[in-house]
Amino acid sequence: METILETKNLTMNFGGIKALDRVDMDVRRGEICALIGPNGAGKTTFFNCITGIYPPSEGDVFIAPTEGKRRRINGLPVHKVTARGLARTFQNIRLFPDMTVLENVMVGRHCRTKAGVLGAIFRDRPTREEEKAVVTRSLAILERIGLADMVNTLARNLPYGDQRRLEIARALATDPFLLLLDEPAAGMNPRETDALEELILKIKDEENISILMIEHDMRMVMSISNRIVVLDYGKKIAEGTPAEIWENPVVIKAYLGEEFETGD
Amino acid sequence: MKRLAELRESLVIALWFMFLTFPILVIQVNTIEKTILWRWQNMLYVGLGSFALSFVWRYFLGKVGTGGRLRTEGEEDPKTRFLRLSGDPRVRRGAIAAAVLVALAFPLLSSTYQVNIMTTALMYVVLGLGLNIVVGQAGLLHLGYVAFYAVGAYTYALLYQHFGIGFWTALPLGALMATLFGILLGFPILRLRGDYLAIVTLGFGEITRLVLENWSEFSSGPSGISGIPRPGFFGLELNIQEATIYLYFLMIGFTLFTVFVTNRLQDSRIGRAWLALREDEVACQAMGVDKTMAKMTAFALGSTWAGMMGVVFAAKTTFVNPASFTFLESAMILSIVVLGGMGSTLGIILASFLLILLPEYLRAFSDYRMLLFGTIMVVMMIFRPQGIITNIRRTYEYHFEGKGNGAADKQA
């Protein structure tokens with residue numbers, strides 16, 4: 001399978017702390033790749049580095065949205081990375097709480113539309129058509145995500161699980177080729193997690209969007225991901241299929257600590 | 001039991017106030033005759049007054065805390081009734097028609113003085129709506145808005161002084177100058193937010209005023225520039241009264257124009273980007289909004305209105321000097337935005353009428369008018385912190401058409 005995201009030697013220093021230490025990894029087209037690791041392993045920093053929120057201290061990030069075209073994207077501002085097709089959600093939900101559900105998704109269409117100030121004032125035909133297309137498209141996304149009956153609710157009034165889904169819907173509105181999910185199942189009950197699994201699989205299969213997700217819920221990671229990458233103290237310590245990772249002693253040691261290894 | 005505790009607290013407050021005001025209100029020293037007059041009756045008044053006020057205060061505060069009285073079933077919340085009525089197109093059309101009639105008939109029914117005050121109030125409506133783009137929509141706390149107002153006013157004043165340029169030519173030039181200044185200020189502040197942004201804008205406002213005050217060769221310093229002509233009416237000479245009424249109608253036109261433009265901006269791609277920026281800067285960028293551009297446009301467009309109003313201000317007073325552009329002015333416009341309800345057009349219109357007209361009509365209370373004015377603002381912020389009118393998000397109707405086919409139907 002072809003690679004669509006690749007990091008080479010990715011390093012991020014915060015003062016003296018190496019949050020990421022020469023991480024080489026890749027995501028392939030059409031897969032669900034999970035990024036796991038104990039707390040503080042640098043998973044979210046990894047997301048922030050590839051999406052441009054932090055410029056990496058060293059190393060490179062490459063994307064290949066279409067086959068054969070590889071581009072370096074580190075150093076690009078956040079919105080340009082989004083425009084190139086990487087969309088993300090956040091660990092602590094970061095919706096626009098005082099905007100409606102639909103408006104939240106419509107903001108996601110921003111980088112795919114181009115009406116300017118004059119268009120807004122005069123509302124000429126192209127602007128009206130674009131606006132209509134934005135609404136139709138956003139509604140379609142919400143319907144697929146299952147939030148269609150709440151379009152006019154303020155985002156802050158949504159139940160927790162729906163807020164997480166809305167974040168995904170908003171990310172989908174930017175037309176990504178790779179969706180980065182930062183702990184999508186955090187705080188969800190088992191039923192909500194099942195629905196989320198279903199949704200992620202649906203996005204992968206029906207929309208042809210590859211997924212890279214950080215997740216702590218091992219049951220979910222093991223059941224839906226094709227490949228797992230493990231980070232610990234900013235270093236990649238393992239990579240493989242769920243079955244391989246499940247039995248990898250290095251991973252078990254990272255998660256459970258030294259004494260378990262000796263006791264085994 | 002709760003009542004008893006309230007009584008006791010009010011009593012303590014009354015005693016405290018009696019103690020505090022004792023030196024000023026009770027003791028009166030006559031330095032010539034070297035006698036002291038003890039005015040004990042004042043202490044009694046202060047005690048009774050503060051006790052009653054504190055009691056009433058507590059009562060209302062308690063009501064706010066519990067969310068008002070419980071409503072019996074079937075009874076309509078006055079707020080939802082208001083929303084339903086204001087959403088009804090017939091009621092809306094009626095209200096707008098009435099407002100237009102009153103606005104048109106106003107100069108015929110009242111004195112030049114009243115018309116003048118109303119013109120000022122309308123200017124603040126436009127300024128409020130302009131600042132609302134920056135503060136209410138994009139969420140950038142801007143404390144130096146008056147600087148752009150000054151830029152507009154001085155553009156007209158200086159252009160007239162040196163080149164004899166008239167009002168109608170100066171109007172777009174003033175707006176343009178203010179926009180350019182907005183972009184200029186935009187550059188250093190792009191990386192700032194919150195408190196830091198507020199301080200930088202505050203500084204910018206003061207710098208502008210100080211430059212105008214001290215650079216005498218450029219702006220003739222504190223003595224200002226006088227003899228600026230009022231707007232011309234197709235070359236006709238107008239006397240002061242006619243000119244006032246003419247300016248009033250011009251301001252009505254400007255206000256309608258501003259309301260139209262800002263409303264359209266609010267409901268556009270740019271407007272949504274601003275709102276998103278206000279709500280969450282990081283998420284907004286991650287959704288593909290160019291933060292720099294969004295902030296710049298908000299600043300530039302907000303400043304445009306200030307520049308336009310600056311030109312109108314110069315034409316209205318026929319005189320500009322730096323004293324008109326103090327921080328107090330910025331604070332006033334910001335109060336209009338906050339009091340009106342951030343982002344709400346109708347709220348800002350009401351708030352500017354309230355804040356500009358109130359001090360005028362409170363003149364009957366002469367010395368106490370600013371005190372009353374301050375009290376009203378404090379009370380407003382305690383009981384309605386969200387502003388007079390909360391901004392209502394636009395809603396969209398959604399129909400399911402068979403399976404999986406969504407059609408959008410917009411509704412204002």
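**A close look at a sheet in chain A**

Mentor: Happy to! Let's begin with a pair of strands: strand S3 (residues 32-36) of chain A and strand S8 (residues 210-214) of chain A run parallel and are joined by 4 bridges. Within this pairing, A:Leu35 stands opposite A:Ile214 in S8(A). Please keep in mind that you are looking at a predicted model.

Now widen the view. S3 and S8 belong to an open sheet of 6 strands in chain A, whose order is S6-S7-S8-S3-S9-S10. The pairing in this sheet is mixed. As a reminder, strands of a sheet pair through backbone hydrogen bonds, either parallel or antiparallel. At the edges of the sheet stand strand S6 (86-88) and strand S10 (235-240) of chain A. Each of these has a single partner strand, so one side of each is left without a neighbour in the sheet. From one strand to the next, the twist averages 20°.

Which helix packs on this sheet? It is helix H7 (residues 190-207) of chain A, which touches S3, strand S7 (178-182) and S8 of chain A. The direction of H7 makes about 150° with that of S8(A).

Chain A also has an open sheet of 4 strands, in the order S2-S1-S4-S5, and here the pairing is antiparallel. Its edge strands are strand S2 (17-28) and strand S5 (71-72) of chain A, each pairing on one side only.

Next, find a loop. A:Ala148 lies between H5 and helix H6 (160-172) of chain A. Is A:Ala148 buried, exposed or partly exposed? There are 17 other C-beta atoms within 10 Å of A:Ala148, so this residue is partly exposed; a buried residue would need 20 or more. A:Ala148 and A:Val101 are 47 residues apart in sequence, while their C-alpha atoms are 9.1 Å apart in space.

The contact between the chains takes 39 residues from chain A and 31 residues from chain B. On the chain A side, helix H2 (78-84), helix H3 (101-108), helix H4 (117-122) and helix H5 (125-145) each supply at least two residues. H5(A) gives the most, with 6 residues. The chain A side divides into 21 nonpolar, 10 polar and 8 charged residues.

Finally, how confident is the predictor? For the complex, it gives an ipTM of 0.89 and a pTM of 0.83. Chain B, with 16 helices and 6 strands, averages a pLDDT of 83, and 89% of its residues score at least 70. Among its elements, helix H6 (residues 146-163) of chain B has the highest mean pLDDT (94) and strand S6 (residues 405-410) of chain B the lowest (40). Over residues 401-412 of chain B, pLDDT stays under 50. Where pLDDT is low, the predicted coordinates should not be read in detail.

Note on methods
Residues numbered from 1 in each chain as written. Chains lettered and ligands numbered in written order. Predicted model: local features only at pLDDT ≥ 70, side-chain atom pairs only at ≥ 80, totals over all residues. Pairing = 2+ DSSP bridges. Contact = placed C-beta atoms within 7 Å. Nonpolar A, V, L, I, M, F, W, Y, C, P; charged D, E, K, R; others polar. pLDDT = per-residue confidence, 0-100. Buried ≥ 20, exposed ≤ 12 C-beta atoms within 10 Å, placed from the backbone. Axes fitted to C-alpha atoms, helices over the stretch in contact; angles between N-to-C directions.
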